[in-house]
Structure formats: structure tokens, C-alpha cells
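Q: I would like to learn how to read nonpolar cores and salt bridges in a model. Please take them one at a time.

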Amino acid sequence: MAGSIGDSIEPDPERRLGGVLGNGQVFGTGIAQQAHSYRCDDVQNMSERVLVVDDEPNITDLVATALRYEGFEVEVAGTGTEALGTAATFRPDLLVLDVMLPDRDGFELLKRLRADGTHVPVVFLTARDSTEDKVKGLTVGGDDYVTKPFSLEELVARVRAVLRRANGRPTESAKLVFADLELDDDTHEVWRGRTRVELTPTEYKLLRYLMLNARRALSKAQILDYVWEYDFGGDANVVETYISYLRKKLDPLGPPLIHTIRGVGYTIRLPDPE
């Protein structure tokens, strides 16, 4: 698995990970230096166990590594049969379950786990993107459905959200706030102070990514990967163009917040004091 996972693994599995971690580092090579930026602040995760079931070892290895650095205990399984045995001994709090397994599909595996007394939330992980498959997954007892390709960041966020709902913990705010800039995912609105800022869907996604990584330097390649879901062969000029669009809409309303870092990319931060 790379930072975004398709129906199969990229020939070079390290190519897309920088965009996920938001720091340009390859997850799994030099991981110790970057662990501090990818650990979870919620200590409640330390006692929560996740079983990752997928028949591709590089997917299970990287998903497991990401979750472990978020504070979860993780076990992996490559087949439905192995998952049944591991679930009985590991007693997970949540399953990340691929639908396409070599010996049985994930829907049937979930039914068997429920029959065996394993009643834990499930995040389905699959290349299937049809409404029928999603409805089936949720009908048999799945709690969420992540379609490949996806980012580690997205998967970890969904795991957290499902566990919060299952455990009755309050959900996190849908609002991102930096200085006088506010982005609301529930209403899909952006405000600068008391002024509502009209953004296109792409501008909104770009601003959201910058705000999620406030004060962190983001390369053009990372932004392309997250916002446009390009592999690193995408045209970096489109990033400059949309950064310019955002600045034209935000800067007249207050001090400039989006800054260029020469030779690196962009960041959102407060301007330097004069």
C-alpha cells in the first residue's frame, strides 16, 4: 500500500506516501524521524485494538504501521480463515476488512464473525465503488466504507470516527479554524472574520488541506496528490494557479495567510511581525 491505494499496489510502493503524511517522507523508510508528526493525541487509542484484514501484505503492513503510530494495537490477517482465528484470540475493537479476499468475500466473513460472537464495528476496505456494494456492506453490519484509492490519513480518521461513535465519545468539531479563517465541513462554508468567502469545490479542498496542515510546509507534489489525486506526474502549475485564486479571495479580507516557501511549496501561517 502506498499513501493512496488503488486496485493493486503501485510498482514503486514508496511513490505516493509523502502526500499522505504531509511531510514528504516515505512511510516505512525513515519512519522514526517522522513518527512525532503522525501520532495520535488521544491517549484513549492506547487500549483499542484493530484487526486489519487484506490479502496484500504491503497493504496490511503499511495500514498497520500507520495505526500503530496512532497508538492502536494492531494485528493483521491475509485470509478470511486467518481472520476468524485472529479475531477469536486478539478480540479486536474494530475491523478494517477488505471485501475481496482469496477464500471468501468480506461480507460473508463479517456474517460469520457476527455468528461467532464478534460484534465490533467494521470499516470495509475495497476497490468496489458501486452504490449496491456500499449498501450491501452497510446492510450486513459494516459501519463505514472506504473505497480505493484512499489515503492513510483518511482511513485513520474514519477508524477514529467509527470508534468514537461505537464508544459513545463525542465527535470532533466539523470546523477547522486558523486565525480569523474558519472552514465548516458540515455546511461547506468558509468565513474570513465576518465575511463569507465563496469557493469552488477545488479551492475548498485545497484550503482544507492547507488548514489541516497549518504551519507545515507542503510540497506541490503533496498538494497534487491530495487535492487532485494525481500521481506525482501531474502538472504542478495547477497548484500555483489555485493558490493564486485562494489568495485573491482571502487576502483582501485580512493579513495574508498562505505563504510560499521557496524551493519547497506552500504553507498557511500568520505573517511575520513587521
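The dialogue below covers the model's basis, then the cores, then the salt bridges.

Q: What kind of model is this, and what pLDDT do local features need?
A: This is a predicted model in which local features need pLDDT of at least 70 and side-chain atom pairs count only at pLDDT 80 or more, while totals for chains, interfaces and linings use all residues. Residues are numbered from 1 along each chain as its sequence is written, and side-chain values use heavy atoms, with hydrogens and water left out.

Q: How many residues does the largest nonpolar core have?
A: A nonpolar core is a set of buried Ala, Val, Leu, Ile, Met, Phe, Trp, Tyr and Cys residues joined through side-chain atoms within 4.5 Å. Buried means under 20% relative accessible area, exposed over 50%, and partly exposed in between (1.4 Å probe, protein chains only). Here the largest core has 28 residues, and Leu207 and Ile223 have the most contacts inside it.

Q: Which elements each supply at least two residues of this core?
A: Helices (H or I, at least four residues) and strands (E, at least two) are DSSP runs, numbered from the N terminus. The contributors are strands S6 (175–178), S7 (181–184) and S12 (265–268), together with helices H8 (201–212), H9 (220–228) and H10 (237–250). H8 gives the largest share, six residues.

Q: Which residues does Ile223 touch?
A: Contact means heavy atoms within 4.5 Å. Leaving aside residues up to four places away in sequence, Ile223 touches Leu206, Tyr209, Leu218, Trp228, Val239 and Tyr266. A second, separate core has 21 residues, among them Leu67, Leu94, Val162 and Leu163.

Q: How many salt bridges does the structure hold?
A: A salt bridge is a side-chain nitrogen of Lys or Arg within 4 Å of a carboxyl oxygen of Asp or Glu. The structure holds 13.

Q: Where in the structure are Arg158 and Glu154?
A: Both are in helix H7 (residues 152–167), four residues apart, which means a separation of about one helical turn. Arg158 is partly exposed at 27% relative accessible area, and Glu154 is partly exposed at 28%. Asp144, Glu154 and Arg158 are linked in a salt-bridge network.

Q: Is Arg192 buried or exposed?
A: Arg192 counts as buried at 3% relative accessibility, whereas Asp180 is partly exposed at 32%. Their side chains meet in a salt bridge of 2.7 Å, N to O. This pair links distant parts of the chain, 12 residues apart: Arg192 lies in strand S8 (residues 189–192) and Asp180 in the loop between S6 and S7.
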